[in-house]
Amino acid sequence: MMKSTKKAAGFILLSIVLTMAMTGCQSSNAESPEPAQNSVEPGTSKEQNKDEGAANSNAPASEKSEGEDSAVIKEGSVEKEGNVVLKELAFVYNEHTIAISDTANEEQMEQMLGKPDNVKSHTYTEGDGTNMDNLIGFTEKVYTYPGLEIKTISVPEGKQDSIFNIQITDPKYTTVRNIKAGDSLDTLKKAYPEGKLVGDGAPDEEDDFRYEPSNYVDVMSFHIKDAKVESIQIFSLLD
């Protein structure tokens, strides 16, 4: 009987020790939790953190890293439709605008201006007497109409003909600013305020009024006589 009582008391004591040990382990785990994999900053909810992440992903391109969507279009790098400057160096006939540097073969000339009175062609060669060695291999064509002469040049290797010289004496051919042979010098100056008289001549003397919109290579020149436009020449100097 005594042995049974001692065994029972020992069993109860062992149970108490085990219970205390388990309670201590649970308390330790509660004080030292494992770090969460997706931590959230103090004072913010998961929903707030998610919204902030979405806002950052939509940040302006200027705030993004360099090289990402950072291409800048510089002025002048976008090709414009036609050459605005050269289109000023042009004349108008039957709703066709014909300008320096336009490409034009014989068929195109006839479509725009009708059949010419005469067409001359010359290919520059060494020793041809023209002293134009820089144009050897080039072919020049001259189209003659009443009151109008147009010269084209084609570079070697089959490139298209392009207009480089236009001479006008007939008033039916007007510039793009509506100036024609026979107009007064005052009317010309109003239409081309950027131009100037080359010789600063008096109105009753002969002079040339030059309009050079971009450089000294492409020119529109009005020959003035008796204070009126006698003729118009539009030309591009050949290298």
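Modeller: Alanine 227 is located in the loop that joins strand 10 to strand 11 (228–236); helices (H or I, at least four residues) and strands (E, at least two) are DSSP runs, numbered from the N terminus. The model is a predicted one, in which local features need pLDDT of at least 70 and side-chain atom pairs count only at pLDDT 80 or more, while totals for chains, interfaces and linings use all residues. Residues are numbered from 1 along each chain as its sequence is written, and side-chain values use heavy atoms, with hydrogens and water left out.

Although alanine 227 is not a glycine, its phi is positive, at about 65 degrees. Its relative accessible area of 23% makes it partly exposed (buried is under 20%, exposed over 50%, partly exposed in between, with a 1.4 Å probe and protein chains only). Another non-glycine residue with a positive phi is glutamate 95, at about 70 degrees. Glutamate 95 belongs to the loop between strand 1 and strand 2, and with a relative accessible area of 81% it is exposed.

Strand 10 (residues 218–225) contains histidine 223. The side chain of histidine 223 forms a polar contact of 2.9 Å with the side chain of aspartate 208; such a contact is a pair of N or O atoms within 3.5 Å, where within protein one must be able to donate a hydrogen and the other to accept it, and residues adjacent in sequence count only if both atoms are side-chain atoms. Beyond its neighbours within four places in sequence, histidine 223 touches Glu206, Asp207, Asp208, Lys228, Val229, Glu230 and Ser231, contact meaning heavy atoms within 4.5 Å.

Phenylalanine 222, with sequence neighbours within four places again set aside, has contacts that include Thr175, Ile179, Leu188, Tyr192, Phe209, Val229 and Ile232. Phe222 is also among the residues with the most contacts inside the largest nonpolar core, together with Phe91 and Leu113; this core has 31 residues. A nonpolar core is a set of buried Ala, Val, Leu, Ile, Met, Phe, Trp, Tyr and Cys residues joined through side-chain atoms within 4.5 Å. Five residues form a second, separate core, which includes Tyr124, Leu135, Phe138 and Phe164.

Phe222 also joins Tyr192, Phe209 and Tyr211 in a cluster linked by ring pairs. Rings of Phe, Tyr and Trp (its six-membered ring) pair if their centres lie within 6.5 Å; planes under 30 degrees apart count as stacked, over 60 as edge-to-face and the rest as tilted. The count of aromatic pairs is five. One of them is the tilted pair of tyrosine 93 and tyrosine 173, at 5.0 Å centre to centre and 50 degrees between the planes. It links distant parts of the chain, 80 residues apart: tyrosine 93 lies in strand 1 (residues 90–93), and tyrosine 173 in the loop between strand 6 (162–168) and strand 7 (174–175). Both tyrosine 93 and tyrosine 173 are buried.

Strand 1 and strand 7 pair in the antiparallel sense over two bridges (pairing requires that DSSP find at least two bridges). Valine 92 has threonine 174, in strand 7, as its bridge partner. The three strands of this open sheet follow the order 2-1-7, with antiparallel pairing. Strand 2 (96–99) and strand 7 are at the edges, each with a single partner strand, so one side of each has no neighbour in the sheet.
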